[in-house]
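I opened my notebook to look around a structure that was new to me. Here is what I looked up, entry by entry.

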Amino acid sequence: MNEEQRKHQTENVKSDASSTKTEKDYSKYFQSVYIPPSLKDAKKRGKEKIAYHNDFGIEERFRGLGEGRKFYIRTYGCQMNEHDTEVMAGIFMALGYTATNSTEDADVILLNTCAIRENAENKVFGELGHLKSLKRERPDLLIGVCGCMSQEESVVNKILKTHQHVDMIFGTHNIHRLPNILHDAYMSKAMVVEVWSKEGDIIENLPRVRRGEIKGWVNIMYGCDKFCTYCIVPYTRGKERSRRPEEIIHEVRQLAAQGYKEITLLGQNVNAYGKDFDDVTYGLGDLMDELRKIDIPRIRFTTSHPRDFDDHLIEVLAKGGNLVEHIHLPVQFGSTDILKIMARKYSREHFLELVGKIKKAMPNVALTTDIIVGFPNETEEQFEETLSLVREVGFEAAYTFIYSPREGTPAAKMTDNVPMEVKKDRLQRLNALIGEYAKEAMKRYEGQIVEVLIEGESKNNPDILAGYTRRSKLVNVKAPKEVIGKIVKVKITDARSFSLNGEFIEEGVIGSEFLEGVEVE
Ligand code: 5AD
Ligand code: SF4
């Protein structure tokens, strides 16, 4: 914790001894914590240096807090949240808790939430409603809300007002404080709210329990400074801070040694990696150039911002090897006018030029994207520019969203003259177009021999195994169960809209998407 946060915390801590359950025993160190979020503070970007810590440990007084208790975490939203859940699970285990898959027999339930769109938030409030009866049956159950929604003042106020059965709310910068928060929640009748609006330093040695043994996530940076006008992320995740390359390289090496086959490097805006270092000039291209030398079959990264995607990175990615030929490159919109209002800081032309460079250097690249429709006052012509951009690039898949106003962001203040029916209709038209390109991309696989990392049994049929190619195409194949967790060669027999069916050939890495390579324009 830096000085400012310490000050902020002590200023905000309300000593509320009257609400202790066991006042006599614990009054010595009990304080009911109330540190609510502030979007205004979250917006500030200070110049102070990021400090790196390696001193996380479970304090003596918290040891055994979880003995005989079970935890359950439900995760909403992006991979960053999934990975935060792995860290929180690691902290729970270090405290002596065991994991459970059911809310029914959990002693602590955490909802790790997402704030990106209103429907994500509604799901969480729905779940909180369901949990009310569980809490009534078992008053000792602890219910916590963490993740991006906790960083919003309006959410915290709503929970305080209408979801009194919640025991704790903590923010994305307070994850390492989980032992203290749990302890306070056990000791307090009042809701424990601890949300720092200003990001903390980077703590390198947090424990984590990874969800799988085949694919692993590795954070390379935290936060976002882009402040696209529609987006809440810069407020919920704080300023951009990069992990030091040696820490990342060490973590990837360790995962490789443990037998992991695929790493996804995570950051809200990975292309800004290293921009906050003031002692070295080092960017994502440099990092990827180091990582490609590690003996692990596949490395991906997400999410990219077109503005910071530089030539050096393209040059390094073109070297291939374990750097896969799939780039998720969110464009958001096809018209320069709207991109300007979105504060994306690039034009349609710049995006197309970037795509041209990438395709030239990586002829087999699969490009996927994120697109928003129904931005305030979007005209039919501007929407059609999105459609034409999709055609020009030929994205192989896209996540598409109807714009959702986020309180506290500049776009939420804009008046909007586009009716919801029009937005829905545009979304459908966009999805239909993307579907055509996706189908075409899948069709090109028929008859090809591809490399598939087998992850497990297919969802619908345990006799069939499923996995992904380097370009992130889902493949279903009949193969011996021993190949789960391995890379195999598969001959594609038939392309579906969202998956490929194939015949198992043998174990083995190809090192590129196709055995002989096909030209993808
Ligand atoms: N409304 C709709 N979609 C949004 N996204 C981010 N903010 C909003 C919003 N307010 C989308 C963007 C981003 C993806 C993760 O979510 O497309 O890339
Ligand atoms: Fe949000 Fe823009 Fe940052 Fe992505 S780059 S997280 S869309 S502000």
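**Ground rules**
I am reading a predicted model, where local features need pLDDT of at least 70, side-chain atom pairs count only at pLDDT 80 or more, and totals for chains, interfaces and linings use all residues. Residues are numbered from 1 along each chain as its sequence is written, chains are lettered from A and ligands numbered from 1 in the order in which they are written, and side-chain values use heavy atoms, with hydrogens and water left out.

**Domains**
I began with the layout of the protein chain, which is divided into domain 1 (3-194), domain 2 (212-324), domain 3 (360-443) and domain 4 (449-510). These bounds come from an automatic or database domain assignment. I then checked domain 2 against domain 3: their centres, taken over C-alpha atoms, are 26 Å apart. Between them, 9 residues of domain 2 are in contact with 12 residues of domain 3; contact means heavy atoms within 4.5 Å.

**Helix H7**
How many residues of helix H7 are buried? I found that 10 of its 10 residues, 178-187, are buried. Among them are Leu178, His183, Asp184 and Met187. Buried means under 20% relative accessible area, exposed over 50%, and partly exposed in between (1.4 Å probe, protein chains only). Helices (H or I, at least four residues) and strands (E, at least two) are DSSP runs, numbered from the N terminus.

Next I looked up an annotation: the unreviewed UniProt entry marks Cys224, Cys228 and Cys231 as "binding site". UniProt positions are given in the numbering used here, feature names are shortened, and annotations may be inferred rather than shown by experiment.

I found Cys228 in the loop between strand E11 (221-222) and helix H8 (233-237). Cys228 counts as buried because its relative accessibility is 7%. Not counting residues up to four places away in sequence, Cys228 touches His305, Met342, Ala343 and Arg344.

Cys231 also sits in the loop between E11 and H8. Cys231 is buried, with a relative accessible area of 13%. Leaving aside neighbours within four places in sequence, Cys231 is in contact with Ile116 and Thr409.

**Cavities**
I searched the whole structure and noted 3 cavities of 30 Å³ or more. On a 1 Å grid over the protein atoms alone, a cavity is a set of points where a 1.4 Å probe fits but cannot get out, and lining residues have an atom within 4 Å of a point. Grid points are joined across faces, edges and corners, and a volume is the space filled by probe spheres set on the points.

The largest cavity has a volume of about 390 Å³. Of its 25 lining residues, the closest to its centre are Thr172, Asp201, Leu206, Tyr222 and Arg241. Where does this largest cavity lie? Domain 1 and domain 2 both give residues to its lining, so the cavity lies between them. Helix H4 (79-94) gives the largest share of the lining, 3 residues. By class, the lining has 9 nonpolar, 9 polar and 7 charged residues. Here Ala, Val, Leu, Ile, Met, Phe, Trp, Tyr, Cys and Pro count as nonpolar, Asp, Glu, Lys and Arg as charged, and the others, Gly among them, as polar.

The second largest cavity has a volume of about 50 Å³. Its lining includes Met288, Phe301, His326 and Met362. Strand E14 (298-302) supplies the largest share, 3 residues. I counted 7 nonpolar, 1 polar and 1 charged residues around this second cavity.

Notes: On a 1 Å grid over the protein atoms alone, a cavity is a set of points where a 1.4 Å probe fits but cannot get out, and a pocket is an open set with protein on both sides within 12 Å along at least five of seven lines; lining residues have an atom within 4 Å of a point.
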